[in-house]
Amino acid sequence: MRPSKELGALTEVGVTGALTVGVSNQCVFNTYPGNLSFNYTAFSATTQTSTTSFMLRCSSGLPWTISVSPNPAVLQGLRYTITPSPASGSGNGNTGQAVTLTGSMQAGQAGTCTGLTCAGTQAHTVFITY
């Protein structure tokens, strides 16, 4: 058997017997998450949030979960968490599923910034388990 790019199918080339073709289940990013950005003032009275979304495509019926690391995290002395929504699901094949990551920086934190403004970055890893 050999693939035929013109027909999109397998064509016989003198081989006899049973043929088994397998496709492994998988999950892939259709699009990638962007950055989360917080504009936090020391001792803020309200929780600050930031969101980013991405598209996840998993084989039909394949159960999956998402986690983020590190989580919780601290940047400039400010603690925050990142929550995926949905955090789990079941693959629906080619159409993909939207997942949102929501960062939450709790109210009432002092932080460690000693100037008028400070900036920092923290890399995170999004894990898809299936």
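**Entry 1: disulfides**

I looked up the cysteine pairs and found that cysteine 27 and cysteine 58 form a disulfide, with their sulfur atoms 2.0 Å apart. This pair links distant parts of the chain: cysteine 27 lies in strand 3 (residues 27-29) and cysteine 58 in strand 4 (residues 48-58), 31 residues apart. The cut-off I used for a disulfide is a pair of cysteine sulfur atoms within 2.5 Å. For the record, such a link is a covalent bond between the sulfur atoms of two cysteines.

The model is predicted: local features need pLDDT of at least 70, side-chain atom pairs count only at pLDDT 80 or more, and totals for chains, interfaces and linings use all residues. Residues are numbered from 1 along each chain as its sequence is written, and side-chain values use heavy atoms, with hydrogens and water left out.

I then checked the handedness of the link between cysteine 27 and cysteine 58. The torsion about its S-S bond is about 120 degrees, so this disulfide is right-handed.

How many disulfides does a search of the whole structure find? It finds two. Cysteine 113 and cysteine 118 form a disulfide as well, and their sulfur atoms are 1.8 Å apart. I noted 80 degrees about the S-S bond of cysteine 113 and cysteine 118, a right-handed link. With bonded cysteines counted along the chain, I wrote the pattern down as 1-2, 3-4.

**Entry 2: burial of the cysteines**

I sorted residues by relative accessible area (buried under 20%, exposed over 50%, partly exposed in between; 1.4 Å probe, protein chains only). Is cysteine 58 buried or exposed? Cysteine 58 is buried, because its relative accessible area is 2%. Cysteine 27 counts as buried too, at 11% relative accessibility. Cysteine 113 has a relative accessible area of 34%, so I listed it as partly exposed. Cysteine 118, at 39%, is also partly exposed.

**Entry 3: the whole protein**

I counted zero helices and 10 strands. These are DSSP runs numbered from the N terminus, helices being H or I of at least four residues and strands E of at least two. Along the sequence I read the pattern β-β-β-β-β-β-β-β-β-β.

Of the 130 residues, 22% count as buried.

Last, I looked up contacts (heavy atoms within 4.5 Å). Among those with a separation of 6 or more, 69% are between residues 24 or more positions apart.
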